[in-house]
Amino acid sequence: MALVELERISKTYDHKIAVRELSLRIDAGTMFGLLGPNGAGKTSSIRMMIGITLPDSGTVRLFGESFNRKFLRRVGYLPEERGLYGKMKVLEQLTFMGQLHGLDARTAEQRAKRWCEQLDLSESLGSKTEALSKGMQQKVQFIASLLHEPDLIIMDEPFAGLDPVNSRALEETLLALRESGKAILFSTHRMDQVEKLCDFICLVDHGQAVLTGSMREVKSRFPRDRIALEFEGDGLFLKDPMIEESKSYGNHVELRLKRGADPQRLLHLAAESARIFRFELMEPSLEEIFIRTVGGRTDA
Amino acid sequence: MRDAFLIAKREYLERVRSKAFLFTTLLFALLVGMMTGGALLIPRHASGRARNIVLASDNLVLAEGVQQEIASSSSHIAIVLQAPVPAEDRERLTREVDEKGYDGLLWLPTATGTKRPQAIYASRSSADLFTGDILRGAVMRVMMRRQLTEEGLSQEKIHQLLAPVDLKTLQIKNGKATTSNSLANFAGAYIMIFVLYFSVVYYGMNVARSVIQEKTSRVFEVLLAITRPESLMAGKLIGVGAAGLTQMGIWFSLTLLYGLSPIAASIGKNGVGILGITVTQGVFFLLFFLLGFLFYSALSAAFGASVNTEQEIQQFSFIIVIPMAAGLMMMPYILSNPNAPAVVALSLFPPCTPMVMYLRMAAETPPLWQLLLSVALLIAATWGMLWVAARIYRIGILMYGKRPTLPEVLRWLRYT
């Protein structure tokens, strides 16, 4: 079942078009990556998804029905800019957030303690939130959005500002949540993470979806024109006009073929003058797809 | 509703547990204690202390007469009689007053014929007007008594003539003269305005501040993803308001406690009694105070939602104070013309209702429909203010850095 369905939603602020006719769908048990440069309309889209703002046109459907605030109890939201009450103790804060999401105080407290144990925060339960490091605060916020066991989890840049250890812990948590059938949407500019975690992606630019679909399908739309090569002997074949560009690291070379060029021909050519240890036809990385699609704007 | 309650509880606890709350509560308690203690001490050492005055005259009969008069009109003045002494001794006596630490010297020369004597009171304190009045009255009465005696009137007749007049003041209320409580009216109205002013400036601003803090800390985006901005605002108002009322409640109880304590009782039976606020007045005082407090807090919330920094709030605070200042300035007019059209209109205008309606009630019971209408309008205005605040708050999520202009704020109100 689609937990989120956006159908041609648009939003204009004063004279700036933030989102233009965006459509997407997120199913249960999947991880969805929302990508795009800064100001592309990711946050605006997310806000419309959960009713913080309403679209000027188009429809938002949650859990198979037209948007209704009652569904928000089943949504966990981690905003891009973290917001916690600095003066509140961690456990109090989490209990409060859990209660706002409809839990009773006891359940909220129990779950908060369990999550904190899992994410290595147990010692900070009694500390004031403002006394924690930024990374720890982020974990608190992460927990706050999950306490009520939402079916739909929406996270705006969840990995920003986290060290590799915590980043890993969060990734594992999200993967476990997906396994248990939750739908997860997150926006990020870390392509390696999207590539590793997401089943579906949507790349937005200037408020429009420029690339949507399953990871596999999106990648298959781009030709396999990258080759990783390890060899010994004469490297003269690297000068062949069918090669668009190449980067050499000694005997290891990464190259890209010109449009329409046949990789098999290059393999023959190479085999004539050198000993081949490895010849791998690689699919484009998401980062390449991203850059190729939105141009040089990599400040996502 | 549950959300509003949760938010109110959070706001309330955060405030009540803060060091600032504890500090201001204790500080005020200490101040009240000091003031009560001070009030206890002041009468003994200032006006309550007996004055030692040297009464000198070249005429013993006159001097004794004045001494008696003074004794009968004030228990605070002790007379050291120096009579008869020749006029030349005045300078010596003046020196003595200073040397021996008396408070003053009253010199009474003998009068000739019907002319009143030129009495002189030389005091060591320049501002001793109260004593001067007593002395003037005493000398006056002695002179009148002597002249009346000379006219041949009997002592009894003279006593009747000089008996003091008792002026009883009444107030015409609903066509009947009743015992006047104009002092209580004034006192009650003043207290209303000052308590409201203080609490609005202090606690109303707290609501604004709390709204701004949530905006700058960006908590509001999380909250808006869970709950309605209306619940948020209502919760804030109730929570911050309840914290304020708790503090005022503590202070009020302390004041009462001091007031009821034996030390306070000894200050003066007529000290607290003059307020003479009736039960009905007390109930309406509470009602209008609470409604006014909520209205102004909601107004502050709207201001808080439309700006980004606490500094900017200061610029708005004067707007909030204007209706209250107007009420204060118009107080004498309202009390003497409680049913003038302008006053009626003002009492139905929500920002002025708490002060003006209370004043009108103190002066004369207004028609019931006006009373009910004013309360209904005030509640509606408070709700409207909250709605506006919630709207601005929600749209404010999209704003950063710059302060919105008025047209922008108005446009926000149309956004959905």
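**Notebook: strands and helices in chains A and B**

I began with the element count for chain B, which has 18 helices and 6 strands. The model I am reading is a predicted one. I then looked up burial in chain B: 33% of its 416 residues count as buried. I also checked how far apart in sequence the contacts of chain B reach. Among those between residues at least 6 apart, 78% join residues at least 24 apart.

**Sheet in chain B**

I traced an open sheet of 4 strands in chain B and noted the order S2-S1-S3-S4, with mixed pairing. Its edge strands are S2 (77-82) and S4 (120-123), each of which pairs on one side only. For the twist I noted an average of 20° from one strand to the next.

Next I took the pair S1 and S2 of chain B. S1 (residues 51-57) runs parallel to S2(B), and 6 bridges join them. I looked up Leu55(B) and found Leu81(B) as its bridge partner in S2(B).

I then asked which helix lies across S1, S2, S3 and S4 of chain B. I found H4 (residues 90-100) there, running at about 160° to S3(B), the strand at 104-108.

**Helix pair in chain B**

I turned to H3 (residues 60-73) and H5 (residues 129-150) of chain B, whose axes come within 9 Å and cross at roughly 125°. The two helices, H3(B) and H5(B), are therefore oblique to each other. I recorded the crossing of H3(B) past H5(B) as right-handed.

I listed the residues that meet. On the H3(B) side they are Leu62(B), Gly65(B), Val66(B), Glu69(B), Ile70(B) and Ser73(B). Those they meet in H5(B) include Ile134(B), Leu135(B), Ala138(B), Arg141(B) and Val142(B). Sorted by class, the contact of H3(B) with H5(B) has 8 nonpolar, 3 polar and 2 charged residues.

**Strands in chain A**

In chain A I followed S4 (residues 57-62) to its pairings. With S1 (residues 2-13) of chain A, S4(A) pairs in the antiparallel sense over 5 bridges. I noted that Glu7(A) stands opposite Thr59(A) in S4(A).

S4(A) also runs antiparallel to S5 (residues 65-66) of chain A, joined to that strand by 2 bridges. Here I found Leu62(A) opposite Glu65(A) in S5(A).

I asked how many residues lie between S4(A) and S5(A) in their hairpin. There are 2, and one residue in the turn, Phe63(A), has a positive phi of about 50°.

Note on methods: Residues numbered from 1 in each chain as written. Chains lettered and ligands numbered in written order. Predicted model: local features only at pLDDT ≥ 70, side-chain atom pairs only at ≥ 80, totals over all residues. Pairing = 2+ DSSP bridges. Axes fitted to C-alpha atoms, helices over the stretch in contact; angles between N-to-C directions. Contact = placed C-beta atoms within 7 Å. Buried ≥ 20, exposed ≤ 12 C-beta atoms within 10 Å, placed from the backbone. Parallel < 35°, antiparallel > 145°, perpendicular 65-115°, else oblique. Left-handed = near helix turned anticlockwise from the far one by under 90°. Nonpolar A, V, L, I, M, F, W, Y, C, P; charged D, E, K, R; others polar.
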